[in-house]
Amino acid sequence: MLACYHEIKAVHVATVIASGVVFMLRGVLVQSGAQRFAMAPPLRYASYAIDTALLAAALMLVSILPRAAFANHWLTLKLVLLCAYVALGSVALKRGRGPRARAVAFVAALATYGAMVGIARAHHPLGWLRALAG
């Protein structure tokens, strides 16, 4: 599988972007009062398919990486943030009690997504903040 590392990583990055775009689209639809469109089967199923491919690529990458990649805990933090992102996304799109709760959860989910991207790009738990920390 090591021979396919670059292809798997490309799929992973593409699905990260696609997942974020679909989540943002669905969240904007919910915030604008068009929840019916945000929960329409084609958009929901596209989201499920993208996220499944994303998870599969992530698991393949984790199986390829040497054990030393886990030493600085950036992958562990990404997994913790992923759980928070899923929970916040659920509140933002469906489970939030009222528009304000959904809006706060939507912004928090987007911030969590951004933090995960920063951590992945830096390969460091500080993510985007690593440059500021010196």
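Where is H123 found? Select H123 to begin: this residue sits in the loop between α5 and α6 (130–133), where helices are DSSP runs of H or I with at least four residues, strands are E runs of at least two, and both are numbered from the N terminus. Phi of H123 is near 50 degrees, a positive value in a residue other than glycine. H123 is partly exposed, with a relative accessible area of 41%; buried means under 20%, exposed over 50%, and partly exposed in between, with a 1.4 Å probe and protein chains only.

A word on the model before moving on. This is a predicted model, in which local features need pLDDT of at least 70 and side-chain atom pairs count only at pLDDT 80 or more, while totals for chains, interfaces and linings use all residues. Residues are numbered from 1 along each chain as its sequence is written, and side-chain values use heavy atoms, with hydrogens and water left out.

**Next stop: the core**

Select F23, L29, V30, Y85, A92 and L93. These have the most contacts inside the largest nonpolar core, a group of 20 residues (a nonpolar core is a set of buried Ala, Val, Leu, Ile, Met, Phe, Trp, Tyr and Cys residues joined through side-chain atoms within 4.5 Å). Two or more residues come from each of α1 (5–31), α3 (41–64), α4 (74–95) and α5 (99–122), and α4 supplies the largest share, six residues.

Now centre on F23. Leaving aside residues up to four places away in sequence, F23 touches Y85, G89, A92, L93, F106, A109 and L110, a contact being heavy atoms within 4.5 Å.

**Then S47**

S47 lies in helix α3. With a relative accessible area of 13%, S47 is buried. Show V22 and R26 too: S47 touches both, not counting residues up to four places away in sequence.

**On to the largest pocket**

Select V16, L54, L82, Y85 and M116, which lie nearest the centre of the largest pocket among its 40 lining residues. Two or more lining residues come from each of α1, α3, α4 and α5, and α4 gives the most, with twelve. For a colouring scheme, the lining divides into 26 nonpolar, six polar and eight charged residues.

**Last stop: the cysteines**

How many disulfides does a search of the whole structure find? The search finds zero, a disulfide being a pair of cysteine sulfur atoms within 2.5 Å. Select C4, which counts as partly exposed at 40% relative accessibility, and then C83, which counts as exposed at 55%.

How values were computed. 1 Å grid on protein atoms, 1.4 Å probe; cavity = no way out; pocket = protein on both sides within 12 Å on 5 of 7 lines; lining within 4 Å. Nonpolar A, V, L, I, M, F, W, Y, C, P; charged D, E, K, R; others polar.
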